[in-house]
Amino acid sequence: MTFNDIFKSSFLENVTSVSLFDMALALLLAFGLGLFIFLVYKKTFTGVMYSSSFGVTLLALTMITTLVILAVTSNVVLSLGMVGALSIVRFRTAIKEPLDIAFLFWSIAVGIVLAAGMIPLAVIGSVLIGIVLLVFVNRKSCRNPYIVVVNCCGSGSERQVQQFLRQSAERCTVKSKTVRKGDIELNIEIRMKDDNTDFINALSEMEGVSSAVLVSYNGDYMG
């Protein structure tokens with residue numbers, strides 16, 4: 001090794017390791033597929049509050065992953081160093097919706113496949129995944145669980161309420177019961193036979209029932 005070799009840098013040699021056409025094509029496709037993922041996320045969102053920043057994150061994550069994999073595939077030594085650098089990164093943000101994890105992995109996978117040059121796989125796979133999500137996530141079902149919150153007075157009214165719900169719903173399960181002086185609060189999970197909610201009106205007019213509330217939930221946070 002000579003004195004010049006010590007200060008020799010391969011930085012300029014890496015400038016042309018990835019052609020400008022490859023970079024432009026990969027990032028343009030990553031932007032298009034990332035935008036498609038963002039639109040699918042927007043159409044299939046079923047949470048409480050929609051976060052537009054998470055949708056933009058999906059778009060950015062697709063392009064960033066493509067950028068990183070392009071650099072990794074152009075230099076074996078760089079790939080080893082980048083793996084070590086990325087291994088120390090830790091994310092502490094909690095993912096509350098299970099479907100959000102699927103969208104994150106989808107964005108990362110598209111970026112990796114695009115940068116690897118498998119363009120048909122990235123495009124066709126994304127289209128198929130998007131169709132599946134649009135069909136199954138937006139599918140309405142009258143069998144979704146509902147919670148009926150009923151305030152009644154006396155055990156007689158309680159029995160009438162449960163009997164009425166068993167006749168009106170396909171399935172009826174008591175989740176919780178709170179008893180106060182002169183008042184009983186029931187939280188009952190039901191599976192409706194159809195999308196008709198007129199039975200809750202009849203329930204509120206029953207003798208001994210002071211209030212009746214019907215609430216929809218996804219069933220993930222209750223046993």
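**Helix 2.** I began with burial along helix 2, and found Ala26, Ala30, Leu33, Gly34, Ile37, Phe38, Val40, Tyr41 and Thr44 buried. I call a residue buried under 20% relative accessible area, exposed over 50% and partly exposed in between, with a 1.4 Å probe and protein chains only. Helices (DSSP H or I, at least four residues) and strands (E, at least two) are numbered from the N terminus.

Residues are numbered from 1 along each chain as its sequence is written, and side-chain values use heavy atoms, with hydrogens and water left out.

Next I checked the length of helix 2, residues 20-44. Its 25 residues at 1.5 Å each should span 36 Å, and the end C-alpha atoms are 36 Å apart, so the two agree. The expected span here is 1.5 Å times one less than the number of residues.

**Val40.** I picked Val40 from helix 2. Val40 counts as buried because its relative accessibility is 3%. Leaving aside neighbours within four places in sequence, Val40 is in contact with Phe103, Trp106, Gly130 and Leu133; contact means heavy atoms within 4.5 Å. I also noted Gly55, 15 residues from Val40 in sequence and 9.4 Å away in space, C-alpha to C-alpha.

**Helix 5.** Which residues of helix 5 are buried? I listed Asp100, Phe103, Trp106, Ser107, Val110, Gly111, Val113, Leu114 and Ala115. Ser107 has a relative accessible area of 0%, so it is buried. Not counting residues up to four places away in sequence, Ser107 touches Ile37, Leu58, Leu61 and Thr62. The 18 residues of helix 5 (98-115) should span 26 Å, and the ends lie 27 Å apart, C-alpha to C-alpha, which agrees. Just after helix 5, Gly117 takes a positive phi of about 90°.

**Cores.** I then looked for nonpolar cores, sets of buried Ala, Val, Leu, Ile, Met, Phe, Trp, Tyr and Cys residues joined through side-chain atoms within 4.5 Å. The largest has 17 residues, and Val148, Val161, Leu165, Ile190 and Leu203 have the most contacts inside it. Strand 1 (145-152), helix 7 (154-168), strand 3 (183-192) and helix 8 (199-204) each supply at least two residues of this core. Strand 3 gives the most, with 5 residues. A second, separate core of 14 residues includes Val40, Leu58, Val110 and Leu114.

**Cysteines.** How many disulfides are there? I counted 0, taking a disulfide as a pair of cysteine sulfur atoms within 2.5 Å. Cys152 is in none, and the nearest cysteine sulfur, that of Cys153, is 6.9 Å away. Cys152 counts as buried, because its relative accessibility is 1%.

**Whole chain.** I logged 8 helices and 4 strands, running α-α-α-α-α-α-β-α-β-β-α-β from the N terminus on. Of the 223 residues, 28% count as buried.

**Confidence.** The protein averages 80, and 77% of the residues score at least 70. Confidence is lowest in helix 1 (residues 3-6), at a mean of 48, and highest in helix 6 (residues 119-137), at 92. Where pLDDT is low, the predicted coordinates should not be read in detail.

Note on methods: pLDDT = per-residue confidence, 0-100.
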